[in-house]
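Subject: Model for you to look at

Hello,

Here is the model I promised to send.

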4 protein chains.
Amino acid sequence: MRFFSDNAAPVSPQVLQAMLEVNQLDTAYDGDRWSKQLDGRFSELFGTQVRALWVPSGTAANCLALAALCPPHGGVLCSRDAHIQNDECGAPEFYTHGAKLMLVEGQGAKITPEALRGVLGNIRNDVHQVQPHAISITNATEYGLVYTPEEVAAIGDVARERKLGLHMDGARFANAVAHLGCHPGDVTWRAGVDALSFGFVKNGGMSAEALIFFKPELADVTLYRRKRAGLLLSKGRYLAAQILAMLDGDLWLENARAANVAAQLLADAAGAHRLVHPVEANEVFLKATPEEAAGLRALGFDFYDWAPGEVRLVTSWDQAEAAVRPLADAIAKLT
Amino acid sequence: MRFFSDNAAPVSPQVLQAMLEVNQLDTAYDGDRWSKQLDGRFSELFGTQVRALWVPSGTAANCLALAALCPPHGGVLCSRDAHIQNDECGAPEFYTHGAKLMLVEGQGAKITPEALRGVLGNIRNDVHQVQPHAISITNATEYGLVYTPEEVAAIGDVARERKLGLHMDGARFANAVAHLGCHPGDVTWRAGVDALSFGFVKNGGMSAEALIFFKPELADVTLYRRKRAGLLLSKGRYLAAQILAMLDGDLWLENARAANVAAQLLADAAGAHRLVHPVEANEVFLKATPEEAAGLRALGFDFYDWAPGEVRLVTSWDQAEAAVRPLADAIAKLT
Amino acid sequence: MRFFSDNAAPVSPQVLQAMLEVNQLDTAYDGDRWSKQLDGRFSELFGTQVRALWVPSGTAANCLALAALCPPHGGVLCSRDAHIQNDECGAPEFYTHGAKLMLVEGQGAKITPEALRGVLGNIRNDVHQVQPHAISITNATEYGLVYTPEEVAAIGDVARERKLGLHMDGARFANAVAHLGCHPGDVTWRAGVDALSFGFVKNGGMSAEALIFFKPELADVTLYRRKRAGLLLSKGRYLAAQILAMLDGDLWLENARAANVAAQLLADAAGAHRLVHPVEANEVFLKATPEEAAGLRALGFDFYDWAPGEVRLVTSWDQAEAAVRPLADAIAKLT
Amino acid sequence: MRFFSDNAAPVSPQVLQAMLEVNQLDTAYDGDRWSKQLDGRFSELFGTQVRALWVPSGTAANCLALAALCPPHGGVLCSRDAHIQNDECGAPEFYTHGAKLMLVEGQGAKITPEALRGVLGNIRNDVHQVQPHAISITNATEYGLVYTPEEVAAIGDVARERKLGLHMDGARFANAVAHLGCHPGDVTWRAGVDALSFGFVKNGGMSAEALIFFKPELADVTLYRRKRAGLLLSKGRYLAAQILAMLDGDLWLENARAANVAAQLLADAAGAHRLVHPVEANEVFLKATPEEAAGLRALGFDFYDWAPGEVRLVTSWDQAEAAVRPLADAIAKLT
């Protein structure tokens with residue numbers, strides 16, 4: 001009964017099945033018939049013309065996007081708690097050749113237009129200071145909060161005003177959309193997003209994420225960067241197949257909903273006073289004393305300590321109510 | 001009937017089966033029980049203590065190895081025809097932060113100690129010139145030739161004399177060993193190789209190559225570089241499983257032998273006068289006029305034109321004699 | 001009557017004279033007889049064996065030092081107000097190939113062992129997070145404060161404990177030593193500093209700073225990096241001459257004392273209540289309303305607004321009492 | 001009597017005088033009144049609107065130009081004998097973040113449109129190969145040959161056809177123009193050159209080269225790169241002054257003519273049969289046996305051995321006939 005990470009979950013059977021089905025000779029790299037469907041399928045999904053590239057990791061998707069939006073001498077504004085800042089071992093700096101992450105404060109890893117403007121206001125416009133070129137937000141955030149279309153649009157306004165690119169790290173984009181119940185275009189390109197890392201691996205995929213460019217021309221140079229980074233796998237069809245399977249019948253939404261429901265079950269059991277952040281996606285940050293955490297672990301539940309007096313529980317696509325109920329009951333008893 | 005590339009071939013059933021078997025919850029990244037077996041399994045295979053990391057592409061394996069052996073201000077000696085020079089879109093320069101590839105001439109992409117010494121002799125030892133730090137050879141080469149243990153050892157001697165690291169691009173290492181019939185240690189660490197890109201994808205794998213360090217300490221920093229490059233996939237167990245399946249029962253050798261046999265069949269049909277290079281692994285470079293090439297294509301065979309009057313045929317693990325015989329017959333009729 | 005920056009001041013006559021004296025044919029780059037004296041002269045000055053390289057800018061000195069102490073995947077701890085963070089357009093990231101600056105809070109751009117340990121304590125030791133490799137402090141700081149030998153040693157202890165390199169940005173090192181009245185070794189290598197950017201340009205030089213390595217072996221690779229960055233000027237003797245002239249008869253100390261005295265004159269005139277920071281070197285941060293600032297400017301004094309209600313006055317080596325007295329009087333009248 | 005390099009020569013008295021004249025307080029970096037004259041003065045000289053930046057070395061000028069013309073994933077075509085390939089320790093790769101130099105063969109370090117087209121014709125247009133983005137030629141070349149306006153224009157045509165930027169390394173541009181007797185615009189922008197490294201240091205300057213952009217918009221980003229590389233010296237007026245002094249009264253041409261005349265004197269003494277290349281600028285490559293070279297050295301002449309049986313003699317701006325005559329006589333006696 002592990003609640004460490006949705007990364008640890010197995011792969012959806014539909015995804016595996018799709019991989020078996022492409023197990024035949026075809027063109028290498030991304031010249032195969034499945035890879036070629038990505039642009040079209042994502043254009044349909046988002047209701048606008050996009051370019052879509054498979055990549056084998058979320059870090060790769062994020063950093064190719066940042067490299068497309070920010071030159072080596074530029075800066076990227078992001079939350080102090082952003083994955084790109086804390087959990088990618090400097091991959092943004094590697095891919096951008098040394099751009100600087102400019103940290104913005106905010107509750108639950110969520111940044112506001114006001115906070116952004118505050119940081120921007122402190123940057124002198126001269127060659128001695130790194131100039132901002134892009135903003136990156138995570139939706140759902142690293143603390144499980146969800147930006148609404150309106151909130152993204154307000155950040156998109158700042159981006160437009162200051163001529164900054166806007167990237168969305170959507171490692172849990174599916175969970176965000178499942179929570180919002182909106183059209184995926186509403187919370188992305190219609191709100192000013194230029195590039196989206198659309199995550200599938202945490203949501204039932206195996207090794208394929210999609211990098212979506214709402215400004216299609218950004219994809220051209222990215223194709224070279226993807227190859228140059230060793231990310232253009234030679235048997236790309238097995239990645240394309242994963243993504244296509246996730247899109248088929250909206251499996252991506254179905255899986256995300258299941259994970260969100262499971263998290264909600266835990267949140268309800270905990271009660272508001274125990275929650276560090278509102279639970280909007282599939283992550284639950286719980287106030288718990290070391291004794292309480294130890295008690296839960298003694299019952300067989302595994303999870304990360306996140307901060308003193310705080311633990312993190314992550315649910316995943318494969319957890320039906322029965323899988324989560326025991327933990328929910330245990331949490332309810334803590335109170 | 002395609003002979004474009006072994007990259008286009010399907011995945012071995014044993015590999016797929018192994019991937020299905022790890023489809024269960026486990027630790028993310030490389031903390032799972034399968035990833036943890038790699039060091040041990042490859043140490044056994046090579047007969048010495050090694051560190052082994054999975055990566056999702058051969059380019060990634062090559063360039064992480066080069067970054068471990070050469071600083072940004074250094075140079076890497078390689079064949080003018082090396083994959084790292086011609087087919088990786090500058091990935092070595094990206095991963096090493098701008099090291100310089102120093103090109104060595106040689107027949108069939110094979111370099112000799114003499115040619116190496118010639119290039120080395122022309123480099124002034126001062127801060128104005130890039131100084132060499134490593135040698136990279138490909139085995140089997142890009143033209144399907146195989147370095148023997150003695151030939152590698154002779155290059156290893158140059159490396160030792162000049163204090164250069166020695167990397168082997170083994171995208172088709174299995175085909176080389178299958179041809180040589182030697183112990184895999186003989187043609188690597190016993191001959192002075194420090195790092196090996198051990199390819200599986202062209203040989204029945206899906207998306208996992210192994211980067212082997214015979215100097216185990218080189219792995220430590222590489223772990224950071226792998227993460228930083230977006231190559232540390234979160235569900236790493238599906239990569240580890242592929243590699244373990246390829247090692248089980250020496251599937252890697254069995255598959256490579258099959259591809260080599262298929263190539264030999266074509267070579268025999270062609271006859272020595274038609275062969276641009278001796279056929280030692282699973283690639284056949286054939287002299288063919290445009291008319292002859294067109295004739296073969298009209299019969300349903302697909303392959304690359306390689307140079308004027310020259311075509312490339314690549315066989316793969318899944319081609320039994322029946323799959324290759326029609327092409328062999330067609331080639332035999334050309335003559 | 002400009003108090004913008006010590007960068008704007010002229011060059012000491014002794015420095016100019018020395019440049020004229022080397023105006024003769026000699027070996028190019030750093031092979032001339034003056035460049036060759038640097039190691040010896042600085043070893044004498046610091047009382048230990050050092051390697052000393054001329055470079056044409058403080059940014060270059062800082063960033064070559066950081067590149068010697070921190071790999072591309074590492075991090076450098078520094079003050080949030082450090083010059084390397086705010087005023088070098090990302091040069092540290094350029095020279096280190098993307099290392100991350102890890103910001104530490106502190107009054108007057110001065111960091112404490114406690115603040116350092118706080119930041120260090122929040123860094124997880126895994127491959128997902130950038131790991132710290134070096135600390136950089138500025139002495140005198142960007143706000144004109146001076147670290148004592150004891151304060152540097154306490155930071156040196158943190159560096160040693162955590163196996164971090166320690167760099168000192170000494171753009172105003174002379175002003176710091178002039179204030180401390182200590183041996184220059186006391187506040188550097190005896191306190192754990194590995195590399196020092198020893199500034200001369202703000203202190204009467206023209207275009208030469210010295211990069212001092214107290215771990216001499218760090219210089220070896222730096223020679224390549226200096227060339228590779230286009231910093232190995234072909235007529236290096238004119239840089240070496242500047243530095244040697246600054247060392248002759250302790251001109252560096254004499255000039256710095258003059259600037260410090262001038263700043264003290266302003267500080268005394270202002271009184272403690274007007275000072276944002278204690279004045280220890282040659283920078284005065286003054287509380288002044290916009291009206292007061294305008295009043296001073298109307299009298300012909302030029303300076304930067306630094307923050308709301310705060311102005312910066314920098315004195316330089318060439319300002320004798322007579323040059324500063326009018327401003328001191330004007331400040332005294334404000335009160 | 002040293003003929004090692006024009007880098008070893010002293011600085012012109014007019015240049016020194018100009019440096020003394022700016023020895024007064026002014027704005028730091030490039031905000032001073034002299035730096036601000038560069039755009040205008042060079043626009044006049046070239047007869048078109050240009051942007052002109054001072055930098056402290058030729059390597060810096062070259063590599064900032066290349067970074068402006070070629071992205072990290074691109075390639076730069078240049079002579080196999082180019083300074084950027086052989087003598088800058090990988091600075092082009094550092095500044096461009098890993099672009100690849102693509103070597104073109106040619107006599108005397110001079111490349112032809114045919115040779116360029118040959119190399120270009122071998123580059124596959126796919127994401128697996130580095131794509132060319134720029135051409136760099138050196139005028140006068142590393143072997144003292146001079147491209148005529150027509151020859152540059154023919155290369156400019158290739159650049160335009162293939163949409164490549166065109167850079168000229170003009171470390172000895174003055175010597176080239178002095179030889180050609182043409183308008184400096186004829187051999188640069190009118191012939192398709194986008195960026196010129198205009199060298200002054202080898203020609204009587206001390207530490208200032210000019211980077212000229214004939215496409216003025218290329219300067220905007222370069223200002224950030226210059227700062228980021230530590231090349232924006234804080235007392236920039238001493239660099240601007242050098243350049244302005246070289247432009248005043250066409251000192252640059254006068255000095256170059258003197259050096260060329262001196263070289264011609266040596267060439268005439270040697271006779272055509274002894275010259276490895278025609279002598280067009282200020283470099284003489286002489287066939288000489290080891291005994292002959294030793295004989296010249298015994299007479300007090302110093303110079304580099306360049307290749308077996310070949311020595312290099314470089315003349316400089318300060319060598320009047322009297323300074324060269326003894327060597328000319330000695331060479332004449334060899335024959």
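Two strands count as paired if DSSP finds at least two bridges between them. Strands (E, at least two residues) and helices (H or I, at least four) are DSSP runs, numbered from the N terminus. This is a predicted model: local features need pLDDT of at least 70, side-chain atom pairs count only at pLDDT 80 or more, and totals for chains, interfaces and linings use all residues. Residues are numbered from 1 along each chain as its sequence is written, chains are lettered from A and ligands numbered from 1 in the order in which they are written, and side-chain values use heavy atoms, without hydrogens and water.

Chain C

Seven strands make an open, mixed sheet, ordered β1-β7-β6-β5-β4-β2-β3. β1 (51–55) and β3 (100–104) of chain C are at the edges with a single partner strand each, so one side of each has no neighbour in the sheet. Neighbouring strands are turned by 25° against each other on average, direction ignored. Angles run from 0 to 180 degrees between N-to-C directions, with axes fitted to C-alpha atoms, for helices over the stretch in contact (heavy atoms within 4.5 Å).

β4 (131–138) and β5 (165–170) of chain C run parallel, joined by five bridges. C:I135 sits opposite C:L166 of β5(C).

Helix α2 (38–46) of chain C packs on this sheet, touching β1, β6 (195–198) and β7 (209–213). Its direction makes about 120° with that of β1(C).

Chain D

Three strands form an open antiparallel sheet, β8-β10-β9. β8 (283–287) and β9 (304–307) of chain D are its edges.

Best wishes
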